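Good morning, colleagues. Please look at the sequence and the structure on the screen, and I will then take you through a few selected places before turning to the overall picture.

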Amino acid sequence: MRFLAALLALAPLAALSQPAGDYPSRTIHILVGFTPGGGPDITARWIAQKLGDAWKQQVIVDNRPGAGGTIAAGTVARAASDGYTLLSVSSAHAVAAAIYPKLPYDTFKDLSGITETASSSYVLVVAPSLGIKSLRELISAAKAKPGQLNFASAGVGSGTHFAGEMLKAMAAIDVVHVPFKGIPESLTETLTGRVQFFMAPMANGVNLVREGKLTGLAVSSAKRDLLLPDLPTITEAGVPGYESVLWFGLLTSSAVPRPIVNKLNSEIARILRSAETYERFTPIGMTPRPMSPEEFDTLIRNDVAVFSKIAREANIKAE
């Protein structure tokens with residue numbers, strides 16, 4: 001009886017140590033907590049296509065926008081621990097943990113990393129109709145009309161929201177946050193001039209700036225972006241110390257066995273390191289960045305700590 005009891009006690013550990021076996025043997029779903037067109041959607045659809053080709057299984061991208069991506073994250077956290085439900089996130093995932101007092105999941109206990117997929121900078125854009133040509137002019141306009149200028153975001157708690165709030169705090173300007181369902185809606189409202197500025201992910205903003213449909217004022221990275229080399233960094237343009245980099249990645253339930261996570265990581269890393277991925281990502285300002293699951297978990301944990309500190313100091317809270 002003792003021998004049987006010992007075997008039963010070891011069974012869960014043995015299951016976790018077993019190889020991924022026939023995984024995947026059916027359809028994989030990648031949930032995206034934002035509308036189509038943003039970085040989490042772009043990266044998810046590319047990886048879904050390539051995973052499907054490699055594994056001869058259907059990989060479906062399912063957009064479930066709302067609450068800064070936390071609705072989709074909660075769904076994945078509660079999903080079966082079989083590796084067939086993944087989550088495509090941006091740095092908004094870490095922002096949410098910093099500004100939402102209550103989430104429908106535990107950021108560190110319920111979800112775990114597969115890999116970072118890519119990183120990108122933001123480009124600060126305004127409508128040409130405003131006649132603003134520099135960040136200093138935007139700051140001057142905001143200070144001349146406190147509370148009258150608006151900035152768009154892809155939703156409360158999104159990376160675009162936090163990047164805008166950081167600019168608001170560090171430039172000491174009184175501007176109003178206007179959240180939308182996603183990046184396309186934010187760009188549309190900025191194009192029309194109904195909102196005055198938007199921290200657009202480079203992937204979504206670069207062509208609109210090049211075509212003159214939007215006026216680019218600065219980029220959010222520490223160094224100038226190769227896609228818009230004539231634009232200064234926000235630090236160069238008048239807000240010293242500003243830096244905000246947008247990252248994207250894939251998560252799954254923390255209960256998924258490690259062999260399955262490792263198999264996903266290995267195949268996705270191969271996809272991200274391919275010349276084809278570089279050719280797809282770099283023209284839209286995204287740099288492929290595969291890493292181990294442990295490295296991605298550490299990145300998220302570190303960013304939550306940084307964002308929490310900034311949120312407290314700037315009194316940034318979810319609306």
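This is a predicted model: local features need pLDDT of at least 70, side-chain atom pairs count only at pLDDT 80 or more; totals for chains, interfaces and linings use all residues.

I begin with Val126. Apart from neighbours within four places in sequence, Val126 is in contact with Ile132, Leu138, Thr190, Gln196, Phe197, Leu214, Thr215 and Leu217. Val126 belongs to strand E4, which covers residues 111-126. Is Val126 buried or exposed? Its relative accessibility is 0%, and because buried means under 20% relative accessible area, Val126 counts as buried. For a sense of distance, consider Gly241, which is 115 residues away from Val126 along the chain; the C-alpha atoms of the two are separated by 22 Å.

My second residue is Glu267, which is found in helix H10, residues 258-272. Glu267 has a relative accessible area of 14% and is therefore buried as well, by the cut-off of under 20%. Which residues is Glu267 in contact with, once neighbours within four places in sequence are left aside? They are Leu51, Ala54 and Trp55.

Next, I turn to helix H6. This helix runs over residues 159-170 and has 12 residues. From its first C-alpha to its last it reaches 16 Å, close to the 16 Å expected at 1.5 Å a residue. How many of the 12 residues of H6 are buried? Nine of them are, so H6 is largely enclosed by the rest of the structure. The buried residues in H6 are Gly159, Thr160, His161, Phe162, Ala163, Gly164, Glu165, Met166 and Leu167. After H6 comes Ala172, with a positive phi near 55°.

Along the principal axes, the C-alpha atoms fill a box of roughly 80 × 40 × 30 Å. Of the 319 residues, 54% count as buried. Among contacts with a separation of 6 or more, 79% are between residues 24 or more positions apart.

Finally, I come to surface and charge. The accessible surface of the protein is about 13900 Å², and carbon and sulfur atoms account for 55% of that surface. There are 30 positive and 27 negative side chains, and the centres of these two sets lie 2 Å apart.

Thank you for your attention.

Technical notes:
Residues are numbered from 1 along each chain as its sequence is written. Side-chain values use heavy atoms; hydrogens and water are left out. Buried means under 20% relative accessible area, exposed over 50%, partly exposed in between (1.4 Å probe, protein chains only). Contact means heavy atoms within 4.5 Å. Accessible areas come from the Shrake-Rupley method with a 1.4 Å probe; for residues, only the protein chains shown count as cover. Lys and Arg count as positive and Asp and Glu as negative; His and the chain ends are not counted. The place of a charge is taken as NZ of Lys, CZ of Arg, CG of Asp or CD of Glu. Helices (H or I, at least four residues) and strands (E, at least two) are DSSP runs, numbered from the N terminus. The expected span of a helix is 1.5 Å times one less than its number of residues.
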